[in-house]
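A reader new to this structure may wish to see how its parts are arranged. Please look at the sequence and the model shown here.

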Amino acid sequence: MEVDLLAGFGVGFLGSRLKRLAERMQADAAEVARSLDLPVQPAQISLLMTIRLHGPITVGELAERLQLAQPTVTRALGTLEDFVEARRAPDDQRSKRLALTEKGEALMVRIQTQLMPRIEPAAASLVEGLSGDFMQGLAKVEARLAEASLLSRVKAAGPPAMWARDFSDDLTDAFYRINAEWIEDMFALEENDIALLSRPRELILDKGGVVLFAETPELGVVGTCALMVSKDGWVELTKMGVLKSARGLKVGEFLLAKTLERASSLGFGKVYLLTNKKCAAAIHLYEKLGFVHDAEIMRLFGARYERCDVAMSYRPRG
């Protein structure tokens, strides 16, 4: 199973994912434009449309209208000499304002009659049927970012009390130690446990899964949880453990939420887990975050562990 690494990095890389999405869509739109012999790049179309709507307009005003950096706008205008001209403002000969040339006006007609009628339904098909309104959600993110920048939000939050880390080879021993502690406290390490705990990269990550760790400033790495690709499109949430020294810090709830968030980012829609009735606190936490008891999961996967007498599947809420 091929892994989307950028998606797997989680919501902290939202900007990178949106940039990638924009680049992909613009590359496709550029191909459509070339097929129509339109001498323009998709990123330039918003400039032309804004100049057409609000011109004559200065470069600074254009950048402000589109909420883009002025150097970005200046670079994009660099190859539009045939379609955009700078005119002296009647009331200020030192100021230049941008307007479309005759070729620019003709190009905009073609864009609006030939290109956009093709692009818009194609783009609409990408978001059709999604849960919720993607564009409204995107608008809300943009509005919130306008209210408070990422930097100001980081500063307001202060130093984190706990954070999630992705697997690295130097954490292999921690993965084994944290899980062996709770398993041996309540049960006995089974052959399947030892294999997964000893070879997480080979058996989990290299097969498309994820291993996360919870870390605190004072205690270091204190917990771990994994997503392991199974069969028939299912992904197992497994090897979730917290050190005794960190009990009471809500590490398990933090880890479970982060792991489910990662599952969502990766598009893992079918998540299950296997456990035992003795793990009552963990089962309560699973139920709290959306897992339900599932006899079919027990039938499909329960035999993997001798200790398994509870099987659950995830049903996202809301």
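Predicted model: local features only at pLDDT ≥ 70, side-chain atom pairs only at ≥ 80, totals over all residues.

Reader: How are helix H4 and helix H5 oriented to each other, roughly parallel or roughly perpendicular?

Author: The axes of H4 (residues 59–66) and H5 (residues 70–77) come within 9 Å and cross at roughly 110°. Angles of 65 to 115 degrees count as roughly perpendicular. The orientation of H4 and H5 is therefore roughly perpendicular.

Reader: Which residue in the turn of the hairpin formed by E5 and E6 has a positive phi?

Author: Strand E5 (residues 220–229) runs antiparallel to E6, and 6 bridges join the two. In this pairing, Thr224 stands opposite Gly241 in E6. The hairpin has 5 residues between its strands, and the turn residue with a positive phi, about 55°, is Asp232.

Reader: In which sense do E6 and E7 pair, parallel or antiparallel?

Author: Strand E6 (residues 235–242) is mostly covered, with 8 of its 8 residues buried. Glu236 stands opposite Tyr272 in E7. Strand E7 comprises residues 271–275, and over 2 bridges the sense of its pairing with E6 is parallel.

Technical notes:
Residues numbered from 1 in each chain as written. Heavy atoms only, no water. Axes fitted to C-alpha atoms, helices over the stretch in contact; angles between N-to-C directions. Helix = DSSP H or I, 4+ residues; strand = E, 2+ residues; numbered from the N terminus. Parallel < 35°, antiparallel > 145°, perpendicular 65-115°, else oblique. Buried < 20%, exposed > 50% of the residue type's maximum accessible area, 1.4 Å probe, protein only. Pairing = 2+ DSSP bridges.
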